[in-house]
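Subject: Handover of a structure and notes on its contents

Dear colleague,

Please find below the structure that I am handing over to you. My notes on what was found in it follow directly after.

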Amino acid sequence: MLVAHWRVVAFLTVSVVFATYTSGRRTVPSYQSDLSVQVNSKKQVFARLDDIDMDELALKTDPVLSEALVLSTQRLALSVVDNLGLRLQFQDLDVWRDQVVYDVQVDTLARPDSFVLRLNGPSGYEVRDQGRHLIASGRYDTPVVGPAFSFKVKAYEGEPYSARFAIIPRVAAAVMVSGGLSYTVQSTTNAVAITFTGTDPTQVPEILNAAAISLREFGADRTREMANARLDYIRGQVDQAQARYREALAEVQRYKERQGMTDLTAEEVSTINSIQDFEHEKQRKLLDLASLRDVMAATNDVTIETVNRLAAIPSLASNAALAFQIQNLLKLYDDRRTLTAGALGLREGNPQIGAIDQRVAHAASALREAVNAMMRGMDQEIAAIERSVGDLRARLQTYPGKETQFAQLTLESDLLNDTYRYLLTQYQAARISAATIRPYIEIMDAATEARRLGMRTRQKLMIGLLVGLFLGVVAAFFLEYLDQTIKSSADIERALEIPVLGLIPLGAHLTNGQRRNGRRRGAIPLVSMASPDDPSAEAYRALRTNVTFVNAEERALRIICVTSPGPGEGKSTTAANLAITLAQQGTRTLLVDADLRRPLAHKAFNLVQEPGLTDILVGTATLREAARPNVVPNLDVLPAGALPPNPSELLGSAAMHRLIEEMRAEYETVIFDSPPTLAVTDASVLSASSDAAILVVRAGETEEVAAQRALEQLRRVQARVAGVVLNGVERNSDRYYYYYDYRGGRKSSRGAIANLRQRIANLL
């Protein structure tokens, strides 16, 4: 089967290999580098003071994940772009930037434009714009200074060449950085594995290192901003408390000078202590409320930075609803980063990205509402504290005498003193915290050398070859499945369930119209007479033997009808050569051309067509007058005669039956060359009057359904089918063919390797 469809297998294999090679050449190779960072607790970067409560775990959020999510922010990507000058990119993919230039600086206000860098070998360089105007030139030790950019060119001593580069938009460069960055949080650890994928192997590790450094500084800067904001607020409160305390002391002193000293009652002392506790609680509430308002006023959008700053506020630990909203938003940010990470990630505009952006927007809105609700609650709590303090102060005023007035003055002084001391302590702690802040993200190791991703062209070609062969084999099996023609004797035995009488090789038809032994042959190749030693002649002799001995124990076959399912399948050739081989063994044989529509026997033997069979049937001639005697020794030939308008009626007439009995008396074997079975009913009529019918099919052309229908047609008229002759068999298609080579006495001239190859082909 594979040998028969080798062209399909070869075509698919070559096509797949060519397509693989073409796509491999067009594919831009990607390179990847990785490093690891460790996210430590933020408390470690502050002074170890017991009264400082700054724990990012207060809301039960994942601090490692929240820090890793910063890698997907535009702020970090822009920082990397500005630090490395990534807005300058070479447009030729074969040119790697760091192999040509270094120390690149691009101003943030530089406009996008394209340029050409010309390396002139030892003489130096030239930089021109799109209009071919000279921008800069010089030797390699001279920096290139262009419009809002500068860089240095590495020394080059080779042949001159040009390389195009462009200043791309700042946002586009940031998208390139954030699109290539991806991370993986190591489970049960505080380590984060970060990778960057790009097309320039010289830049990939550099960009990854810059991103890790920016991530480390980003966390420290964010913490410093929070500490400085708290420090500024406390400083203002301290100044106000100090002024009020001094004023209260002066008032107490003046009252003492006018009224003298007295003691307070236990009830008054208790009331004063309660007022002091409420004032302390009020100050704490005010500090937390100021931190919340500072965070929410910094931006209109709830970003990762906003979530991290909210997580650092201690008072949020008791709000379960707010903790749930923060965790939900962190998970959505992580899901979006997972979808867009890497070169194969989804891009903006994808429906999945749009859906998750909507969920992020809803979660951010819910978080903002929760924070606003908490701030409103804190305002209400502060108002309630102020009302409680007012009630306590009013109670003090109900105490009689000078003691009450002195107690009130002393209370005011003590409250202001306690507030001042508390704020002063917080101020000193904030100063220490701001002064001791350092990065809490540690880079464990530098970026590894960039490695190429995917397969190389040679590997792709090998896989393409295997895939092409596989597709070719599948296609061969599929074509074989679609091909319902009879190709071998096994197909006949399976589809028709009748014996195979002979296999006629394809070479038996190559003598058509050629001269053999000086005699011109007609449309039927008489190979049994022209080339008795040919393997095809031996095949007809094998057919003769099988016909002679088929059902010999019952009765010999004397009247044989040779037919086929359709035209052009070799029935006339088989009938003529079978008659010749029977005559050659001494059997008196008559070949009757019963194809009264397209007769060929008279052409094959160079005879005139009339008189013939039709003349005998209409009574204008006798068998002895119409039959051509000894065309071949022991072989008489009866041509078709004049073509009648009603062949079926003539062949089924009583005259035909009388003629068959006369032929049976005169000849040992009579061979009828009849028309195709499915085309007309002539063969069915004639087969019913014969001893047996032989069905001729052509290998690779006759369909199984046609052969089955022809067999059913013959059996429907009670015809006896002796067997099938498979005509046009190729050497490699049927293993039984080699028996004819042996019986013909031919010796193979092939070598051992050729014989082995032929045996493998036969096995397939």
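Predicted model: local features only at pLDDT ≥ 70, side-chain atom pairs only at ≥ 80, totals over all residues.

How many bridges join strand S1 to S11, and in which sense do the two run? Eight bridges join strand S1 (residues 31–39) to S11, and the two strands run antiparallel. Strands here are DSSP runs of type E with at least two residues, helices are runs of H or I with at least four, and both are numbered from the N terminus. Two strands pair if DSSP finds at least two bridges between them.

Residues are numbered from 1 along each chain as its sequence is written, and side-chain values use heavy atoms, with hydrogens and water left out.

S10 and S11 form a hairpin with five residues between them, and Thr188 in the turn has a positive phi of about 60°.

Strand S11 (residues 191–198) is mostly covered, with eight of its eight residues buried. Buried means under 20% relative accessible area, exposed means over 50%, and partly exposed lies in between (1.4 Å probe, protein chains only). Ala191, Ala193, Thr195 and Thr197 are buried on one side of S11, and Val192, Ile194, Phe196 and Gly198 are buried on the other.

The structure holds 20 salt bridges, each being a side-chain nitrogen of Lys or Arg within 4 Å of a carboxyl oxygen of Asp or Glu. One of them joins Glu386 and Lys282, at 3.1 Å from N to O. Because Glu386 lies in helix H10 and Lys282 in helix H7 (residues 266–297), this pair ties together parts that are 104 residues apart in sequence. Glu386 is partly exposed at 41% relative accessibility, whereas Lys282 is buried at 17%.

Lys285 and Glu381 also meet in a salt bridge, at 2.6 Å from N to O. Lys285 belongs to H7 and Glu381 to H10, so the pair ties together parts that are 96 residues apart in sequence. Glu381 is partly exposed, with a relative accessible area of 37%. Salt bridges with shared partners join Glu281, Lys285 and Glu381 into one network.

Five strands form an open sheet in the order S2-S9-S4-S5-S6, with antiparallel pairing. Strand S2 (88–90) and strand S6 (134–138) are the edge strands, each pairing on one side only. Neighbouring strands of this sheet are turned by 25° against each other on average, direction ignored. Within it, strand S4 (residues 113–119) and strand S5 (residues 125–129) pair over five bridges, and Arg118 stands opposite Glu126 in S5.

A search of the whole structure finds eight aromatic pairs. Rings of Phe, Tyr and Trp (its six-membered ring) pair if their centres lie within 6.5 Å; planes under 30 degrees apart count as stacked, over 60 as edge-to-face and the rest as tilted. The rings of Phe115 and Phe165 have centres 5.5 Å apart and planes at 25°, so this pair is stacked. Phe115 lies in strand S4 and Phe165 in strand S9 (residues 161–167), so the pair ties together parts that are 50 residues apart in sequence. Phe115 is buried at 3% relative accessibility, as is Phe165 at 0%. Ring pairs link Phe90, Phe115, Phe149, Phe151 and Phe165 into a cluster.

Yours sincerely

Technical notes. Axes fitted to C-alpha atoms, helices over the stretch in contact; angles between N-to-C directions.
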